[in-house]
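Dear colleague,

Please find below the structure that I am handing over to you. My findings follow it, and I would be grateful if you read them with the structure open.

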Amino acid sequence: MKRRIFIFTLVLSFIGGFFNVYSFYMRGGRYAFLQTGTLIAMIYDLFVANYMDLWLGLSTFLSFYLGIVFTFIMDFLFQKKHKEKYLRITLLSLAFLFMVPSLFFKQTSGIDLSYISIWSTGIMGGIILEGFKDLWIPSVTTMMTNNTRLLVKNLTNGIIKKEKKYFKTAGLLISVLLSFILGIVSFLPFYLYTDFASYSVCIPLLLMFGILIFEGICLRLNKKINLSEYQNTFISNDYIETEEENYVNHFIFAPLEHLKKLKLNDEVYEAVIAITSKNETKIKQNTIAKKLYICSLLEEERYEDLKHFLKKI
C-alpha cells in the first residue's frame with residue numbers, strides 16, 4: 001500500500017511540475033496549480049488597466065477553484081453512496097480527460113479557442129490538488145513550498161535528535177521534489193528547441209493513463225469484505241467520533257512515559273499501549289483499540305490482515 005501511494009505521489013508531482021511550466025509558457029504566464037502568482041498578476045493587470053491579461057488570469061483562477069469545488073462535491077456524493085473506493089479512479093479519469101484539450105491548441109496569444117485549454121488545465125489542477133491533497137502525508141503533490149519547508153524541518157530534526165525516521169522522511173520528500181523538477185525539465189526541450197510544445201502533453205497523459213490502469217487493477221484485486229459476516233465486530237460510520245477515540249488517536253504518537261502524567265481512564269490508556277505495541281491479543285481485549293485497529297486496516301486496504309484478525313475475534 002505504501003509503495004502504491006508513493007508511486008501515485010511521484011507521478012502527480014511530475015504532472016504538477018509539468019503543467020505549472022506548461023501553463024506559464026503556453027497559456028499567458030499563468031500557473032495551473034500556483035494561484036498565488038496568478039492572483040498577484042491579476043492585481044497588477046487591474047492597476048495598469050491591462051484587461052485582456054486580467055481576463056486570462058481570472059479564467060485560470062476561476063477554473064482552478066471550479067475544479068476544487070467539483071472535487072469536493074464528488075467526494076460528498078461518493079461518501080453518501082458509500083462508493084468511496086471508486087472516488088480516486090474517477091478523479092484520475094476526469095483529470096486525464098481535462099488534460100486532453102491541451103494537445104489541440106498552440107500557444108495562447110489572445111482571446112481565442114485556446115481558452116478551452118486554459119479552463120480545462122485549471123480545472124484539472126483543482127481536481128488533482130483537492131482530490132489528492134492527503135495522498136501521502138505530509139507532502140502536497142503539486143505545491144513544493146510546504147514540501148521544501150518539511151524537508152528542511154526533517155533534516156534539522158534528524159541532525160539534532162539523531163533519529164533515522166526524520167532522514168527517511170527527508171529522503172521521500174527529496175524524491176517528490178526531484179519528480180516535480182523532472183516534470184518541469186520534460187517540457188522545456190519541447191518548448192525551447194521544437195515547434196511541438198503542445199504535443200509534450202503526451203508525457204503526463206501517458207503517465208496518468210498508466211496510474212489509471214494501475215488503480216483499476218488494484219480495485220479488481222482488492223475485493224470488498226462483507227463485515228456483516230463478523231457479528232462480534234462493531235465499526236461506527238465515523239470511527240473517530242468519541243472523546244476516548246480522539247484521545248487514543250492523538251496519544252499513540254506520544255512517548256509512553258508522557259502518558260502516565262495524563263489523566264486518562266484505564267481503557268484509553270490500555271488502548272494506546274495495545275496499538276503502539278501492535279499486540280493483537282491486547283487489541284482484541286480493548287473495545288476502543290479493536291475498533292481503531294480494524295478501521296486502520298480498512299483504510300490501508302490490508303484486507304488479508306483484516307480477515308485474519310476478524311477470524312480470531
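How many salt bridges does the count come to? The count comes to 2 salt bridges, and please bear in mind throughout that this is a predicted model.

One of them joins the side chains of Arg-88 and Glu-215, with 3.8 Å from N to O. This pair links distant parts of the chain, since Arg-88 lies in helix H4 (residues 87–99) and Glu-215 in helix H8 (residues 202–221), 127 residues apart. Glu-215 has a relative accessibility of 2%, so Glu-215 counts as buried. The side chains of Glu-163 and Lys-165 also meet in a salt bridge, at 3.7 Å from N to O. Here Glu-163 is partly exposed, because its relative accessible area is 32%.

As to the overall fold, the protein has 14 helices and 0 strands. Of its 313 residues, 43% are buried. Among contacts with a separation of 6 or more, 66% are between residues 24 or more positions apart.

Helix H3 (residues 51–80) contains 30 residues, and the distance from its first C-alpha to its last is 43 Å, close to the 44 Å expected at 1.5 Å a residue. After H3 comes His-82, which has a positive phi, near 60°.

The whole structure holds 14 aromatic pairs. In one of these, Phe-8 and Phe-214 are tilted, with 35° between the planes and 6.2 Å centre to centre. Phe-8 belongs to helix H1 (residues 2–26) and Phe-214 to helix H8, so this pair ties together parts that are 206 residues apart in sequence. The two partners can be described in turn: Phe-8 is buried, with a relative accessible area of 0%, whereas Phe-214 is partly exposed, at 28% relative accessibility. Another pair, Phe-24 with Tyr-25, is edge-to-face, at 5.2 Å centre to centre and 85° between the planes. Phe-24 is partly exposed at 31%, and Tyr-25 is partly exposed at 33%. Both residues also belong to a cluster linked by ring pairs, together with Phe-18, Phe-19, Tyr-22, Phe-187 and Tyr-191.

Arg-88 lies over the face of Phe-8, 5.3 Å from the ring centre.

Which residues of the largest nonpolar core touch the most other members? They are Ile-15, Phe-19, Ile-128 and Met-208, in a core of 34 residues. At least two residues of this core come from each of H1, H3, H4, helix H5 (115–131) and H8. H1 supplies the largest share, 9 residues. In soluble globular proteins, nonpolar side chains tend to be buried together.

Leaving aside residues up to four places away in sequence, Phe-19 touches Ala-32, Phe-33, Met-99, Ser-102, Thr-121, Met-124, Val-201 and Pro-204. There is also a second, separate core of 13 residues, which includes Ala-274, Ile-283, Leu-297 and Leu-310.

Yours sincerely,
A colleague

Conventions: Residues numbered from 1 in each chain as written. Predicted model: local features only at pLDDT ≥ 70, side-chain atom pairs only at ≥ 80, totals over all residues. Heavy atoms only, no water. Helix = DSSP H or I, 4+ residues; strand = E, 2+ residues; numbered from the N terminus. Expected span 1.5 Å × (residues − 1). Salt bridge = Lys/Arg side-chain N within 4 Å of Asp/Glu carboxyl O. Buried < 20%, exposed > 50% of the residue type's maximum accessible area, 1.4 Å probe, protein only. Phe/Tyr/Trp six-rings, centres within 6.5 Å; stacked < 30°, edge-to-face > 60°. Lys NZ or Arg CZ within 6 Å of the ring centre and 35° of its normal. Core = buried A, V, L, I, M, F, W, Y, C linked by side-chain atoms within 4.5 Å. Contact = heavy atoms within 4.5 Å.
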